[in-house]
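Student: Please walk me through this one, as I have not looked at it before.

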Amino acid sequence: FPVTIAIEFIMDSGHGDGFCIGNIIKYAQRYGKKDGYNRKDLLKVLHYGIMALHNHDMTRGNRNETFK
């Protein structure tokens, strides 16, 4: 049997936006509190932000959008 990664199941079931945004908020609020000013928390904010952007591009198709 193939191994299903939990995040793939979450994304495929349409809950990716909420999952990613929730984790971005969680780690952003945790930074500076739990374990002090922890670099890992900032990396997790970026990680989930990139995942949210990927999910956005795959479901909404705005891959060519740039900063203005």
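**Surface and overall build**

Tutor: The protein exposes about 5,700 Å², and carbon and sulfur atoms supply 61% of that area; accessible areas come from the Shrake-Rupley method with a 1.4 Å probe, and for residues only the protein chains shown count as cover. Please keep in mind that this is a predicted model, in which local features need pLDDT of at least 70 and side-chain atom pairs count only at pLDDT 80 or more, while totals for chains, interfaces and linings use all residues. Residues are numbered from 1 along each chain as its sequence is written, and side-chain values use heavy atoms, with hydrogens and water left out.

Student: OK, how many helices and strands does the protein have?

Tutor: The protein has three helices and zero strands, where helices (H or I, at least four residues) and strands (E, at least two) are DSSP runs numbered from the N terminus. Read from the N terminus on, the elements run α-α-α.

Student: And what share of the 68 residues counts as buried?

Tutor: Of the 68 residues, 18% count as buried; buried means under 20% relative accessible area, exposed means over 50%, and partly exposed lies in between (1.4 Å probe, protein chains only).

Student: Which residues make up the largest nonpolar core?

Tutor: That core has six residues, namely Met11, Cys20, Tyr27, Tyr48, Met51 and Ala52, a nonpolar core being a set of buried Ala, Val, Leu, Ile, Met, Phe, Trp, Tyr and Cys residues joined through side-chain atoms within 4.5 Å. Helix 2 and helix 3 each supply at least two residues of this core, and helix 3 gives the most to it, with three residues.

Student: What does Met11 touch?

Tutor: Leaving out residues up to four places away in sequence, Met11 touches Gly16, Cys20, Met51 and Asn55, where contact means heavy atoms within 4.5 Å. Asn55, whose place is in helix 3, touches Met11, Gly16 and Asp17 under that exclusion of residues up to four places away. Asn55 is buried, with a relative accessible area of 10%.

Student: Let's stay with helix 3, then. Which of its residues are buried, and what do they pack against?

Tutor: The buried residues of helix 3 are Asp41, Tyr48, Met51, Ala52, Asn55 and Asp57, and they pack against helix 1 (6-12) and helix 2. As for the length of helix 3, its 22 residues should span 32 Å at 1.5 Å a residue, and its end C-alpha atoms are 31 Å apart, which agrees; the expected span is 1.5 Å times one less than the number of residues.

Student: What happens just after helix 3?

Tutor: Just after helix 3, Gly61 takes a positive phi of about 70°. Asp35 has a positive phi of about 60° although it is not a glycine, and Asp35 is found in the loop between helix 2 and helix 3. At 58% relative accessibility, Asp35 counts as exposed.

Student: New topic: how many salt bridges does the count come to?

Tutor: The count comes to two, a salt bridge being a side-chain nitrogen of Lys or Arg within 4 Å of a carboxyl oxygen of Asp or Glu. In one of them, the side chains of Arg60 and Asp17 meet at 2.8 Å, N to O. This pair links distant parts of the chain, with Arg60 in helix 3 (residues 39-60) and Asp17 in helix 2 (residues 16-30), 43 residues apart.

Student: Which residue forms a salt bridge with Arg30?

Tutor: Asp41 does, and the closest N and O atoms are 3.1 Å apart. Asp41 lies in helix 3 and Arg30 in helix 2, so the pair ties together parts that are eleven residues apart in sequence. Asp41 is buried, with a relative accessible area of 0%, and, not counting residues up to four places away in sequence, Asp41 touches Tyr27, Arg30, Tyr31 and Lys34.
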